Structures are given as structure tokens and as C-alpha cells.
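I took the parts one by one.

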Amino acid sequence: MPSMNDLVREHTGLDSSDLEWLHLLVSEWQLLSDLSFADLVLWVPTRDGTRYVSVAQMRPNTGPTSYQDDMVGHLVPRGRRPLLDVALDEGRIVREGDPEWREEVPVRVESIPVRHDGRVLGVIARNTNLLTVRTPSRLELTYLQSASDLAQMIAAGAFPFPAEQVDMDASPRVGDGLIRLDADGMVQYASPNALSAYHRLGLAADLVGQHLGRASVELAPERGPVEEALVKLASGWAPREFEVEAGDGVIQLRAIPLKPKGVHTGSLVLLRDVTELRRRERELITKDATIREIHHRVKNNLQTVAALLRLQARRMDSERAREALDEAVRRVGSIAIVHETLSQNLDEKVEFDEIADRVLAMVAEISPGRVTTRRGGKFGILSAETATPLSMVLTELLQNALEHGFGPGESGTVEVAATRSRERIAVTVQDDGRGLPADFDAQRAGNLGLQIVRTLVVGELGGTFDMLPSPDGPGTRVVLELPLEG
């Protein structure tokens with residue numbers, strides 16, 4: 001199906017600002033559709049003015065649809081739908097005409113011009129299925145009156161509100177709860193859902209006849225500027241979203257000023273009870289904070305262990321014992337780096353390139369000569385389950401390259417490179433040092449560092465590990481292949 005951008009650019013002469021206005025309208029018009037109990041189809045005249053192209057469609061959540069088929073992309077010649085012509089040419093809402101019959105269903109058709117910067121860009125066809133029409137209730141009459149006000153604002157170019165950025169997925173909808181205010185902010189009508197939400201906040205009386213702003217403040221008492229702002233917002237003078245919290249309840253409200261003829265005549269307030277949603281969000285925030293605190297404490301404990309090992313190493317008389325303890329310090333340090341990064345994140349994932357750089361810097365401190373280290377490629381974001389053993393593997397491989405690849409005073413380079421695909425990550429550690437012994441077998445070599453690498457790569461990460469002579473000259477290349485979580 002072609003997008004609205006494609007249809008407008010292919011068939012019409014509208015510019016980018018006009019297209020942006022249409023996108024803003026379409027992001028909001030579920031409200032008009034639900035209040036009208038009607039389907040909406042947006043028709044825009046073609047570049048030559050001889051036809052209309054349908055660029056968007058919306059079905060109501062509050063009533064039956066009048067269109068079984070998708071209308072987006074349809075082209076109709078001018079003159080076939082006279083109501084579109086009149087609305088476009090005269091710039092007014094057109095309701096004249098008898099109902100149309102579509103598949104034995106009577107449909108009332110109305111046309112609403114869409115105005116922007118003084119020009120009519122297109123026409124909204126509002127199609128109401130009349131098959132289930134009955135005597136409307138007070139709720140339905142309020143819906144229809146509010147829809148009529150919004151339609152007049154669209155025709156005048158006063159709706160939607162350009163400065164208001166609304167997340168329509170999170171914003172209250174018509175069926176969640178609706179309150180109609182007069183020009184002074186007094187409640188004229190409150191739907192049953194809206195009344196229930198306010199009762200949860202602690203309201204004992206009926207809302208009708210009360211000033212919504214003052215009633216909200218009395219339920220959630222605030223002081224000073226906050227109180228004044230809440231009274232203003234809940235009075236519906238500005239298009240805003242806000243929340244009211246009292247006792248055990250939280251309600252989210254969205255105020256929509258109604259100015260059908262350019263004069264503020266009242267407001268529409270949509271609201272929904274978000275008490276359970278906010279409770280779960282707070283639980284998640286608390287859980288995230290607890291997890292980060294655990295990682296922070298683990299990091300501190302590991303650093304304490306490293307400090308104790310370093311202190312013990314200084315007291316050792318044996319050079320080999322000191323070297324073994326120094327290696328243990330670096331192993332503990334590599335794990336501490338991962339936990340430090342996790343303590344700063346909101347989830348159990350880390351940007352491993354930063355960790356790799358810190359491991360490189362830590363291990364480079366043991367360089368016996370003028371050996372430089374560098375990194376190429378990107379590791380990207382990895383889960384904690386992968387990052388922790390991989391940091392240890394990287395520490396062991398770098399430590400092995402610096403200790404066994406170069407003698408005292410020798411210079412050279414050790415490079416870490418990562419290549420990542422959707423399912424796997426390949427890591428190479430290459431040096432230009434003295435190389436491997438002739439009879440070396442990486443799968444059977446017995447030193448502790450390589451045993452740790454094999455255990456972590458093959459056993460824990462489910463990958464492969466090999467150590468080969470460098471193909472580009474003297475030195476050694478280590479190749480790791482690791483699967484990634486889907």
C-alpha cells in the first residue's frame with residue numbers, strides 16, 4: 001500500500017509544510033472519528049485539479065464501519081462526489097444530501113475542509129453507518145457535539161495544535177473517559193469512566209457542576225505555583241497533557257480547548273486511570289535501581305579483592321608467585337570493568353567497545369617494552385552473559401601476547417579487531433612479535449591462561465578458538481568465533 005507521502009508527492013502539488021500539516025492531522029483524527037462514530041477519509045485534489053486522491057483513512061472504535069474496503073490510493077474524478085467539490089471550493093462543512101446506500105447499509109456523508117495557512121488543502125469525508133442509529137444517550141450527544149466543534153476547528157485551520165506533541169499510543173482515548181467543560185472550566189458532562197477515575201482519587205460527589213481545576217487540586221493538594229498551574233491546566237485553557245495523583249490513584253488527563261468559531265466556548269478533557277501502570281513503572285524503576293546497585297557493589301568488592309591480591313603480591317619473595325598474583329589481579333579487574341559498566345545502565349547490556357578499550361589500557365601496563373595496543377572494528381552492544389567471559393578472554397589473550405610475544409626492550413604492536421554480523425561476532429588478536437614455537441598446538445597447550453580461554457570460549461560462550469602463525473609476517477594471530485543471542 002502506498003504511503004501518504006508517496007501519494008501526495010505523486011498526485012498533488014502540496015509542499016512539505018502542507019504535508020507536515022496533513023501528518024499532524026492524521027496523527028490526531030482518531031479522536032474525531034471516535035467522537036463522530038464515523039469513518040474518515042482524507043481526499044486531496046490532484047495537481048491538475050481534475051480528480052481527488054484518497055491519502056488516509058480512519059475507522060472508529062466507537063461504532064460500525066461504513067467502509068469494508070481500504071480506500072487509500074483511490075482516485076475519483078471531480079464532480080462524482082459533489083459534497084467534496086462544495087467543501088473544497090467554498091471552504092465550509094457540507095452536510096446536505098440524502099444518505100448513500102453501500103451494500104444495503106445507509107451511510108450519511110459529510111465533508112469537512114482541511115485548512116492550513118488560509119488555504120484548503122483537502123477534504124475529510126465523514127461517513128456514518130446509519131444501520132444502528134437509535135435515540136442518542138447523553139454520552140453520545142456529548143460526543144457528537146464535541147465532534148462538531150472539532151470539525152469546525154479543522155475547517156478553520158485551528159486544529160490540530162502544532163505546538164502540542166502528543167504520543168497517541170500513550171495518550172487517553174475517547175473511550176477511556178471524557179469530560180466536557182464550559183468556557184469557565186465548569187463540568188457540563190462526565191462519562192461513567194471519567195467519574196469512576198475521579199472516585200478512585202477520592203471524589204465523593206458528582207463532578208457535574210464543579211470546577212474541574214479546583215476539584216482536582218482539592219483531591220491532590222499542592223501549594224504555590226504548582227497549585228495554580230494545575231487549576232489552569234484542568235480548566236482546559238491550553239492543549240496539554242498532565243497527571244493528577246491522590247491517595248492510591250493516578251489519572252492521566254489531556255485537555256483540548258474548543259474554539260469552533262474562533263472563541264473559546266469550552267474544553268474537552270480525555271482521561272484514563274493509569275494507577276496500575278504507574279505502580280508497575282515504579283516497581284521497574286526500583287528493580288532497575290536495585291540491580292544497578294548490586295553491580296556497583298560487586299564492582300567495589302572485586303576491586304577490594306584486587307587490592308588485597310596486589311598487597312599480597314608485594315609481600316611475596318618468589319618472582320613467579322608475584323607474577324601469578326598480578327595475573328589474578330588483571331583477571332579480577334576485567335570482570336570489575338564489566339560490572340562497573342552494568343551499574344551505569346538501565347538493562348543487562350553493555351557497549352563492549354568501551355570495555356575492550358579499558359581492558360587494552362589495563363593490560364598494556366604490563367608491557368615489557370615499547371609495545372603499543374590498538375583496536376579495530378566494533379563489538380557493539382553485548383549482553384552481560386557474553387560480556388563478562390569475553391572480557392576475561394580478551395584479558396588473557398592480550399596478556400599472553402605481551403608476555404610471550406615480545407622480549408624485554410622489544411617494540412611492536414598488538415591489535416584487537418572485531419567483525420560483527422547479526423548472528424555471530426569474530427574477534428582476532430594479532431601481534432607482530434616472535435611468533436609461536438614450531439610444535440605449538442593451541443588446543444592442547446597447558447598454560448593456565450590458554451586453559452581459561454578454551455574453557456570460556458568453547459564451554460561457556462559456545463564458540464571456537466584457534467591460535468595460528470600470523471599470515472602477514474612474524475607474529476601470532478588468535479581467532480575467536482562466537483554466536484550471538486537472537
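At what angle do helix α10 and helix α11 pack, and how far apart are their axes? I noted that this model is predicted. Helix α10 covers residues 319-342 and helix α11 covers residues 352-364. They pack at an angle of about 155°, with axes 10 Å apart. Angles over 145 degrees count as roughly antiparallel, so α10 is roughly antiparallel to α11. Their crossing is right-handed.

Next I looked up the residues that meet there. From α10 I listed R330, G333, S334, I337, V338, E340 and T341. From α11 I listed I355, R358, V359, M362 and V363. Sorted by class, the contact of α10 with α11 has six nonpolar, three polar and three charged residues.

Then I turned to the open sheet. Six strands form it, in the order β3-β2-β1-β6-β5-β4, and the pairing is antiparallel. Its edge strands are β3 (75-77) and β4 (100-102), and each pairs on one side only. On average, neighbouring strands are turned by 40° against each other, direction ignored.

Three bridges join β4 to β5 (residues 105-116). W101 stands opposite P106 in β5.

Which strands does helix α2 touch? I found β1, β2, β5 and β6. The direction of α2 (residues 16-28) makes about 135° with that of β5. Helix α5 (residues 138-156) lies across β5 and β6, at about 40° to β5.

My last entry is a hairpin. Strands β7 (residues 178-182) and β8 (residues 187-190) run antiparallel, joined by three bridges. L181 has V187 in β8 as its bridge partner. Four residues sit between the strands, and G185 takes a positive phi near 85°.

Note on methods:
Residues are numbered from 1 along each chain as its sequence is written. This is a predicted model: local features need pLDDT of at least 70, side-chain atom pairs count only at pLDDT 80 or more; totals for chains, interfaces and linings use all residues. Side-chain values use heavy atoms; hydrogens and water are left out. Two strands pair if DSSP finds at least two bridges between them. Helices (H or I, at least four residues) and strands (E, at least two) are DSSP runs, numbered from the N terminus. Axes are lines fitted to C-alpha atoms, for helices over the stretch in contact, and angles run from 0 to 180 degrees between N-to-C directions. Angles under 35 degrees count as roughly parallel, over 145 as roughly antiparallel, 65 to 115 as roughly perpendicular and the rest as oblique. A crossing is left-handed if the near helix is turned anticlockwise from the far one by less than a right angle, and right-handed if clockwise. Contact means heavy atoms within 4.5 Å. Ala, Val, Leu, Ile, Met, Phe, Trp, Tyr, Cys and Pro count as nonpolar, Asp, Glu, Lys and Arg as charged, and the others, Gly among them, as polar.
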